[in-house]
Amino acid sequence: MQTSIVIKGAREHNLKNISVSIPREKITVITGPSGSGKSSLAIDTIYAEGQRRYVESLSVYARQFLEQLQKPDVDLIEGLSPSIAIEQKTVTKSPRSTLGTITEIYDYMRVLYTRIGKPYCYNCGSLIAAQEAQNIIDSVVSLPQGTRIQILAPIVRDRKGEYKKELYDMLRDGFIRARIDGVMFDLTQDIKLKKQQRHTIEIVIDRLLIKTGTERQIKSAIDSALKYTDTVIINLIDKNKDIPFSRTMACPNCSISYPEINPRFFSFNSKYGACPRCHGIGFENIGEDFEAEKQDFGAITDEEVAGLSACKACKGMRLRKEALSIKINDTNIAEFSRMSVINAIQFINALKLTDREQTIASRVLREVKDRLSFLNKVGLGYLTVDRLSLTLSGGEAQRIRLATQMGSSLTGVLYVLDEPSIGLHPRDCKKLLESLSSIRDSGNTVIIVEHDEDTINWADHVIDMGPGGGLRGGWITAEGPPSVIRDNKNSLTGRYLKGELSIPVPAKRRKSKDFIHINGASEFNLKDIDVKMPLGLFTCITGVSGSGKSTLIFETLYKAIAGKLYKSALIPGKHREITGMEKIDRIICVDQSPLGRTPRSNPATYTGIFTYIRELFAQIQDSKIRGYTASRFSFNVASASGGGRCESCHGGGTLKVAMHFLPDVYIPCNVCKGKRYNKETLEIRYKDKNIAEVLAMTVSEMLRFFSAIPLIRQRLEILEDVGLGYIQLGQSATTLSGGEAQRVRLSREFGKRSSASGGGNTLYLLDEPTTGLHFADIQKLLDVINSLIDLGNTVVVIEHNLDVIKSSDYIIDLGPEGGEKGGRVIAAGTPEEVSSNPDSYTGMALKNKLAVNR
């Protein structure tokens with residue numbers, strides 16, 4: 001068996017025809033400065049070729065549904081295993097998608113509640129018991145005199161199929177009517193049901209009027225119905241109301257009957273189990289057509305989601321009241337879903353089951369415990385099982401997929417991961433590394449794109465890319481075990497690992513006289529805490545994942561100040577009061593959400609630079625002769641309206657190809673070859689470059705190209721200053737990482753400040769801005785932050801990176817753990833003061849970092 005993956009002549013993107021061998025069944029970290037070609041090698045070359053070969057291995061029948069995937073620009077790859085990429089891309093944006101559904105934990109719990117759950121009456125709380133036929137008959141006979149009823153036998157309930165045989169058998173047995181999906185049908189007619197749709201078929205056993213002397217007819221009809229099903233539906237014709245009766249489930253006090261209990265009964269994605277008011281969404285004021293209108297829930301912002309109130313019927317639990325009345329150890333399935341992963345593990349471990357229940361539930365419980373344990377191992381123990389997928393960060397989503405793969409027990413697979421340490425506290429990083437080691441030890445190969453120092457040192461093999469980003473990258477500067485990298489003078493990463501280069505500890509910490517006081521913060525897991533936030537300083541909010549950092553800063557502080565300054569409708573997190581807000585003139589939240597939701601959005605359009613570039617192209621003599629305006633150079637304006645976009649791809653440059661059972665892929669437009677514009681527009685050139693070639697430049701290249709044009713140069717310099725010199729200005733916003741998107745936002749805000757007179761009294765809130773940054777690039781970001789503070793502004797950063805934390809003026813450390821065990825202020829003060837606090841996990845990690853750098 002081949003012991004290495006051999007790559008020869010890789011030229012994808014900025015790779016410089018490189019060749020390298022990657023050991024199999026080992027952990028290999030690919031590192032280097034931002035834009036040096038790490039993802040180009042790992043994702044766009046190695047993984048892409050693995051995916052292409054997988055498609056080619058499929059049968060001819062399967063391949064007819066798939067487009068031919070483009071081969072990466074590489075001469076040869078040998079020893080490649082089936083490949084799985086675990087990237088930072090967020091998971092599905094459906095409001096029905098949760099942590100439990102993604103990991104299948106909720107699916108297994110539906111089976112568990114079906115098999116061993118105990119049903120209770122939702123009206124009186126009594127244990128539901130079997131109902132004899134005579135009890136059903138007595139209940140029907142007791143209906144008011146003159147009531148017109150139909151006695152129905154549901155033979156099919158919410159299942160797919162045509163059911164021709166079943167309908168024919170009922171006709172042969174003498175029945176002539178059936179209610180199908182709520183509509184009456186004559187069984188003597190040719191009834192055609194759609195095979196791929198779910199149907200409910202209820203046979204009309206009899207129709208009668210309640211009056212003296214009909215007892216015998218009622219008994220005969222109910223006995224007949226019970227021959228076909230355990231459930232009888234009494235339809236009150238005049239009220240159009242159904243009363244269900246079950247031979248197996250009924251309350252002895254209220255006579256309330258339950259329908260058949262199966263896993264669909266606990267599914268909020270099925271009308272059989274979903275709350276009838278909110279249709280299983282859990283929110284108030286959302287109609288049945290909600291999902292049809294919002295096929296991509298990303299069209300709704302997180303703020304809009306937070307503004308929705310819980311459904312009044314189910315209290316946000318999504319399920320019908322009957323399903324919520326079925327319990328295990330006095331806990332229904334929605335209450336279980338509201339537990340954190342850690343608490344769910346404790347609940348499962350504490351279950352006391354009879355021998356019979358244990359026999360039935362043992363396999364299901366093992367699957368649930370394994371999945372919960374894997375989530376906890378990758379540092380996600382603080383997440384609740386019902387956490388909406390649209391609220392997950394890229395790092396959390398990636399670790400969820402990693403936990404899912406850990407439970408798959410695959411061997412001989414190549415896993416490619418993109419910065420899995422994002423969002424992890426240094427304490428939790430070791431858990432992640434141990435999980436990756438277990439995947440390797442199962443006979444798999446792991447390739448990680450990473451900047452984290454602990455991850456690099458943990459690796460079996462390291463490939464250092466560089467020496468710079470963009471055009472200056474694409475080479476392999478060093479490779480081998482971490483010890484070899486540290487001793488290689490050509491390796492920029494190695495010099496940082498060895499300590500020859502480092503981000504210096506500030507010689508002096510700034511002090512503040514003014515503060516914002518947040519008193520009684522108690523949103524989510526915050527424990528009624530009081531926090532003193534210094535103004536005019538660089539403050540880091542730290543703590544383990546799930547400790548309450550985002551809740552304090554974004555849910556509470558940002559929403560409160562935005563409401564005061566801008567009359568925002570956002571509802572801040574629960575707190576008693578916030579004082580000192582009058583000292584802030586502006587507040588800017590710079591988070592990691594995507595710049596745009598379509599491939600059309602890019603850094604050029606977002607920062608406003610593209611406006612100046614289009615105007616410049618419109619001033620060229622050839623443009624004036626042809627009558628071209630700035631609109632001609634917009635890829636969003638149709639040709640009929642004076643634009644110059646390619647009409648084949650409508651200016652997108654790519655075409656989406658549905659891959660059916662694989663993720664959709666985007667391929668270059670075969671007309672414009674990915675250039676977005678039509679032939680005539682591309683004939684206009686500035687300094688021998690057309691508009692498409694300009695957009696294909698990196699920021700660093702463009703900075704030199706437009707050095708003589710101040711309006712463009714100034715904005716490009718800011719992008720360069722925040723460590724984005726390697727990105728292409730025209731690249732799709734959907735390809736940017738969360739950290740890159742955040743730094744583009746920061747550059748735009750910094751550009752506004754630069755162009756405005758004065759400055760100061762602005763509060764900047766940042767969420768892990770170092771995501772995707774190499775050691776060498778972090779200093780650039782710190783320089784930008786310090787320049788903002790020197791102008792009289794305040795910068796508050798949620799961060800796990802110790803180099804950033806040690807460079808701050810003030811730290812607020814939350815914890816001690818995540819979830820319910822978090823939400824407290826563990827330490828506050830300068831980095832030196834926090835590092836001396838024995839109760840602070842951040843302090844312990846920081847103490848070692850400060851000692852090394854002194």
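Reply: Helices (H or I, at least four residues) and strands (E, at least two) are DSSP runs, numbered from the N terminus, and two strands pair if DSSP finds at least two bridges between them. This is a predicted model, in which local features need pLDDT of at least 70 and side-chain atom pairs count only at pLDDT 80 or more, while totals for chains, interfaces and linings use all residues. Residues are numbered from 1 along each chain as its sequence is written, and side-chain values use heavy atoms, with hydrogens and water left out.

Me: Which strands does β3 pair with, and in what sense?

Reply: Strand β3 (residues 27-31) is joined to β16 (residues 445-449) by 4 bridges, and the two run parallel. With β17 (residues 461-466), β3 also pairs in the parallel sense over 4 bridges, and there T31 stands opposite D464.

Me: How many residues of β3 are buried, and how do they divide between the faces?

Reply: In a regular strand the side chains alternate between the two faces of the sheet. Buried means under 20% relative accessible area, exposed over 50%, and partly exposed in between, with a 1.4 Å probe and protein chains only. In β3, 5 of the 5 residues are buried, so this strand is largely enclosed by the rest of the structure; I27, V29 and T31 lie on one side, T28 and I30 on the other, and both faces are covered.

Me: Where is Q189 found, and is Q189 buried or exposed?

Reply: Q189 is found in the loop between β9 (183-186) and β10 (198-209), and Q189 is exposed, with a relative accessible area of 53%. The C-alpha atoms of Q189 and R177, which are 12 residues apart along the chain, are separated by 10.0 Å.

Me: In what order do the strands of the sheet with β23 and β29 stand, and which strands are at the edges?

Reply: This open sheet has 6 strands in the order β23-β26-β27-β21-β28-β29, with mixed pairing, and its edge strands are β23 (586-590) and β29 (824-829), each of which pairs on one side only. Neighbouring strands of this sheet are turned by 15 degrees against each other on average, direction ignored; axes are lines fitted to C-alpha atoms, for helices over the stretch in contact, and angles run from 0 to 180 degrees between N-to-C directions.

Me: Which strands does α19 lie across?

Reply: Contact means heavy atoms within 4.5 Å. Helix α19 (residues 549-566) lies across β21 (538-543), β23, β26, β27 (794-798) and β28 (810-815), running at about 140 degrees to β23. Helix α28 (residues 775-790) packs on the sheet too, touching β21, β26 and β27, and its direction makes about 145 degrees with that of β27.

Me: How should I read two packed helices, taking α14 and α15 as the case?

Reply: Two packed helices are described by the angle between their axes and the distance between the axes. Helix α14 (residues 394-406) and helix α15 (residues 426-441) pack at an angle of about 35 degrees, with their axes 10 Å apart. R399, L402 and M406 in α14 meet L432, S435, L436, S438 and I439 in α15.

Me: Which residues of α12 are buried, and why do they line one face?

Reply: An α-helix has 3.6 residues a turn, so residues three or four places apart point the same way. The buried residues of α12 (residues 341-349) are V341, A344, I345, F347 and I348. Seen down the axis of α12, they fall within an arc of 160 degrees, so they line one face of the helix; the arc is that of the directions from the helix axis to the C-beta atoms. What covers them includes α3 (99-103), α4 (105-116) and α13 (355-377).
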